[in-house]
Amino acid sequence: MSFLSDLRARLGSLFGRARADRELNEELRFHVAMQAEALEREGVPPEEARRRALIALGRIAQTEEETRDARGLRWLEDLIRDLRHARRQLFRTPGFTLTGILTLGLGIGATTAIFSVVDQVLLRRVPFEDPSRLVMVWETDRRSGTSHEPSAWPDFVDFRARATTLSGMATFRGGVGNLTPLEGPPVRVAAMLVSHEYFPLLGVKPLLGRVFDAEEDQPGGTQVVLLGETLWRARYAADPEVIGRTVRINENDFQVIGVLPASADFGLDQIHERADYHAQYLAPGRIEVWLPGSGSQRDSRQTHPFLQIGRLAPGADLAAAAEELGRIAGDLEAEYPNSNTARGANVESLDAVVFGPVRPVLLLLVVAVALVLVVACVNVANLLLARGATRATEIAVRSALGAGGRRLGRQFLVEALLLAGLGGVVGVGLAWGGLRALAGMLPADLPRADQIGLDLSVLGMSLVVTLVVGIVFGWVPTLQARRVDPMNAIRGEGGSKGGGRSRTRLREMLVVAELALSVALVLSAGLLVRSLWTVLRVDPGFEVERVVKAEYQLPQSRYPRDFSRWPAIDEIQSFNRQLLDEAARIPGAASVALAGAHPLDRGFTNSFVVVGREAESENWPELALRVVSPGYFETMGLTLTEGRLIDGRDRVDGVPVAMINEAARRRFFEDREPVGQQIRFWGTSREVIGVVSDERFYGVTEEAPPATYVPLVQAPMQGGVLLVRMGADPRPAGPLLRDAIRAIDPELAVYGVEPLAETLRASVAERRFTALLIGLFAAITVLLALVGIHGVISYATAQRSQEIGLRVALGATGGQVTGMVMRSGLVLAVVGTGLGLIGAMIGSALLRGLLFGVGRFDPLTYLAVPVIVLGATALATLLPALRASRAEPVEVLRGAAGP
Amino acid sequence: MHGWGITQRIEQLSSQALQVNQGTLYPALERMKRKGWIRSEWRITENNRRARYYELTPAGRRQLVVERAAWERSSGAVNGILRWAPEAGGAR
């Protein structure tokens, strides 16, 4: 109650200050008038009565002042005065102010930008019910050494029925659909085929309508579809009437039964990335249509397309589930030796699968950005210390005039907060711009990367950082002010004597810390950049620069997967022939080819045996299967090392043949002759006709896997890629490839039209992103550290000007003075760099897993960075050193004599 | 009652023993107002002058009880001491 009325009175006096003053004035005048009247009644003449009344009251102004204090306005008036004073101070030294604001802006901006990434990716709620209880259940294969395989349907059914540590299980697998809109060519959309348990298990509720029921999840069930929110908004204008309508997918009609929120596809990119192999999946992207997992590929324990997710039963933990599912896999091994021999189960938390790969990168970025902020703060603290010295006189005068320690402290706090606040504004601006620049570079596997931006929680974080920074800086000059002796300071000696030495020591320590942190950061950046460089220089084994690709998918409705006729499926064979002819006519095309997958697509693998060595082949890893037309090897620039290439002699009805790569020869035919051997997979034995050089299908950082190449005519594929090697710049050719495909079949969705070089660049996007950001942060910290060391040396030189003047007067040369000043800077640089190297050796543990082709303790980096940093420091100290050496001794001595 | 009236009343009641310094009075009134013990309003005096009148609020009355008790306790204590002092010349 009394608090409320107190507040009301304070606020009232804040807003009605002028009125309150007027009223007080009137009240006091009334008082004087009454007093005068009373005196008159006693017989005092009016003039005299008024004079006495005034004396009795004391000076009106003073009473007013005291009453105003009592109104509780004092603090506010002080604050306004402090703010005005702070503004004047900051304007008086624009160089200092600008440096401070920019430095803090960089620190706060970088922190804000990275925090918004971390916040969106790691800190936001996973859009599932109780996500910490969700687990991925993978199959393993001891023979091929894989640990993250999707499951076979009968295996899933057995796991689901027998596991007691899981309260539920569901399967899902990627798919690609050609959605035919009401008008225009079909578009390719990402699809997910899920079992009916999927949505209830995850706790995902539809925005509209309902999810699949068990009936629809059966082979021959009704053709129904759930639309993703993004597609629904983009193509159906968020029309709620969409329920019950029909959409055409892969040239079949599906009835829409519901719409799912955009967040429903959370984590699917990361799960697919983790899987050893998976059904075709458009990553990264939004899942736009969801279909029941009904139908195909459910009858065999040999086919493994089904990803499995489960929920831990109450009371069960990950270890218990892993133990139980491993036991069930063991039982299945005994029950189905044909299909399940050597198969086990691997249970991982969904969290580990989704966030596991990005956590180290983000952690590294957080550490780096924290270092940037610390260095920025250290730098500003340093600036304030230097300025504090020049303000010693002001502080002294004010404390001599009676300003209390608290009053002075508050003044500095207000000044620091104002500075930090301005820095914060700049920082948020930088973060906003920075995030827009980052948007295109974010690694694709970052969960929820598309939602990163500045929002309230991020801005709140920046505000907190700004306040903390401001408060910390408010202290620095306060601590200093305590040491100022008003007498000395006013006499003009405050800056150079008494406390000067310890202040310099403190500033030197700060600079050393700054340098150490930035050296550690530069070293990390150096290691990352070296890794990136190494990655970019890895020879992927195939021609990248001049090849352009376009991908397509043939719908089963018009290009049937009729295995009774296979491989003589005329529809596909004729399409392939025509497309090759059409593509060869593209102007500038040097060589054209069709393939099942382009060289940066992992494609698929299969187990196989070498005829005559069946027993031995049992334990071999799977072989990457590449289906190619004869022009492939020329187009991709591969070298034949033995035998012959696939060519026109290999026909649909001819002898089945295959080629292998060098990796397969090394792995399976060490000291044997591969050409002429028979290898068998897909139920057909094929004669090995040649050996070709390796291609790195699994990305440039992974060794080429053992692979086999099969002629396209002998293994027609539903999905494919057109590859064209151009004589010159491949970029303009993209649309021509699209036209060529559309010329054969205008109904096809064509996608992934880009030069291979671009695909390659995208595959190292994350590495580039990390290296670039850490490099940027490192550059900022080094710059700040250099500013810091420059400031310290300049200041120290200014303090020693008297001594330097004397030396010059006594005959020291300019060179000697320069050397002396620079030596003092280099001592700091060497100590800072040394500490930074030690810090980097410890801190580089964070980089493990992010490096490629470079060790944590790469000697070249550890040598180059100190040399560069020391060189830069030398330059930063050169300026004050030269200034000192040019000093005119007479002026310096006279100047130092003081007023 | 207005400010000037308060000074007059105090002087009257204390038989001129207590002279209120106006420089103390108005800040004190302001502080009491801020604490919610009194409230004020502008009224016209019998002589047609505008003056600010003060009166106790319920919270102020309660505070008065508290303050009076405190005062009586301490003045009683002081009186006790003074009465006991031999050189006061009163009853032992």
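## Salt bridges

In this predicted model, A:Glu37 forms a salt bridge with B:Arg49, with the closest N and O atoms 2.0 Å apart; a salt bridge here is a side-chain nitrogen of Lys or Arg within 4 Å of a carboxyl oxygen of Asp or Glu. Because A:Glu37 lies in helix α2 (residues 17–41) of chain A and B:Arg49 in the loop between β1 (38–44) and β2 (50–56) of chain B, the pair joins two chains. Helices (H or I, at least four residues) and strands (E, at least two) are DSSP runs, numbered from the N terminus. B:Arg49 is partly exposed, with a relative accessible area of 29%, where buried means under 20%, exposed over 50% and partly exposed in between (1.4 Å probe, protein chains only).

Over all chains, the structure holds 42 salt bridges. Another of them links the side chains of A:Glu348 and A:Arg274 (2.8 Å, N to O); A:Glu348 lies in strand β11 (residues 343–349) and A:Arg274 in helix α10 (residues 268–274) of chain A, so the pair ties together parts that are 74 residues apart in sequence. A:Glu348 is buried at 14% relative accessible area, whereas A:Arg274 is partly exposed at 29%.

## Basis of the values

Residues are numbered from 1 along each chain as its sequence is written, and chains are lettered from A and ligands numbered from 1 in the order in which they are written. In this predicted model, local features need pLDDT of at least 70 and side-chain atom pairs count only at pLDDT 80 or more, while totals for chains, interfaces and linings use all residues; side-chain values use heavy atoms, with hydrogens and water left out.
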